[in-house]
Amino acid sequence: MNIKIEKLPEKELKPLFGDPSQLGFGKVFTDYMFTMRYSPGDGWSEPKISKYDSLTIGPAAVVLHYSQEIFEGLKAYAAEDGRILLFRPEENGKRMYDSAERICMAPFPVEYFLESINTLVNLEKRWIPKAPGTSLYIRPTLIGVGDALGIHPASEYLFYIILTPVSAYFKEGFKPIRLYVEDYYIRAVVGGVGNAKTGGNYAASLLAGAKAQEKGFSQVLWLDARERKYVEEVGAMNIFFVFGKKIVTPNLSGSILPGITRKSVIELAKSHGYTVEERMISIDEVIAGIKDGSLTESFGSGTAAVISPVGSLNYKGEDYLVNNNQVGAVTQELYTKLVDIQYGRVKDPFGWIKEIGRI
Ligand SMILES: Cc1ncc(COP(=O)(O)O)c(C=O)c1O
């Protein structure tokens, strides 16, 4: 790729954020973005880094009518020794490729995905926050932009990457969250697009999420579409249940997102002597485990939220406390081990970390 970089004059650069611990999630955007276009004649062309700015697309663009859109989410971390680190970025590149194929879009090559992120993040490195728990969130996005109504895949595509410095995803920070077990609305169905990272899944989840938040819950815990019986995942996280030294997480049935943090937590937990079962787990089994004390902890996993302890589940109007609403030892151990690897504080025995430059 020969990326054209349109540099801004120094005086047009935005002032940096203030207190990094107050950044929240996805509110501040950096100076530049990466864009690249696809057309049937030229394939992927015009790789460019230019000012973070509005997009111009036609009102008949396929993305606006038929939701041909996919995205990814990963983070750049500043290690204390000045290295800039990414966590398993090739996994995000591969997932984006798979999502594109599922939504019938021109897939973005994984090697372009990695090179464009490396170049953009290095150009924007002043935006990588250094305070504990902060990072630079990277949002690659692919949209169908050809102007033509009629239900069909777009012929032209726009790939872009934007960056946002972030602190904790949940306002609670690393504290137990309250989940609402949704037994009416569903997020996705086997055979649908639940395992693709496409905007439609999130649109489908907004109403239930908003209702849960109105009632004071952090997020929804989704059940399967057919029976409302088996646990699927959380709004922006996969879910784990700890039974002593055994950890259970729903298998990749086709309707949940194959989380990269999920995959990493499974490998990490196994390497620390836990048994991990990827299988169907019913909400009844979860509630029974809470009642008889065999379910000792629960946590969610995702790039944005990292590992998030679950303090309670509300199911059919009843609140069930998990581990007495405290952060459990297993959750704490896996969280610490994972973030230590992500921030380059310990040796990475898995080969997950990619150094892409220095601050
Ligand atoms: C619905 C959903 N499930 C799970 C995840 C976790 O995936 P990952 O660990 O790759 O961030 C996310 C976050 O991207 C998500 O949006």
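Two strands are taken to pair if DSSP finds at least two bridges between them. Helices (H or I, at least four residues) and strands (E, at least two) are themselves DSSP runs, numbered from the N terminus. The model described here is predicted: local features need pLDDT of at least 70, side-chain atom pairs count only at pLDDT 80 or more, and totals for chains, interfaces and linings use all residues. Residues are numbered from 1 along each chain as its sequence is written.

Strand β3 (residues 43–51) is antiparallel to β2, and 7 bridges join the two. Serine 39 has glycine 43 in β3 as its bridge partner. β2 also runs antiparallel to β8, with 5 bridges between them, and here tyrosine 38 stands opposite tyrosine 157 of β8.

β7 is mostly covered, with 9 of its 10 residues buried. A residue counts as buried if 20 or more other C-beta atoms lie within 10 Å of its own, as exposed if 12 or fewer do, and as partly exposed in between, with C-beta atoms placed from the backbone.

Next comes the interior. A nonpolar core is a set of buried Ala, Val, Leu, Ile, Met, Phe, Trp, Tyr and Cys residues joined through C-beta atoms within 7 Å. The largest such core has 47 residues, and Ala76, Leu120, Leu136 and Tyr157 are among those with the most contacts inside it. Elements giving two or more residues to this core include β2 (32–39), α2 (89–102), α3 (110–123) and β7 (135–144). Its largest share, 6 residues, is supplied by β8. Apart from this core lies another, of 41 residues, including Phe217, Leu223, Leu268 and Val306. Leucine 136 is in contact (C-beta atoms, placed from the backbone, within 7 Å) with Lys75, Ala76, Val121, Trp127, Ile128, Leu163 and Pro165, leaving aside its neighbours within four places in sequence.

Across the boundary, 18 residues of domain 1 are in contact with 12 residues of domain 2. On the domain 1 side, two or more residues come from each of β4 (69–71), β5 and α2, and α2 gives the most, with 5.

Finally, there is the ligand. Around it are 13 residues, of which Gly259, Ile260, Thr261, Gly302 and Thr303 come nearest; a residue is near a molecule if its C-beta atom, placed from the backbone, lies within 6 Å of it. Two or more residues of this shell are given by α5 (260–271) and by β15 (297–302), and α5 gives the most, with 3 residues.

Definitions and conventions. Two residues are in contact if their C-beta atoms, placed from the backbone, lie within 7 Å.
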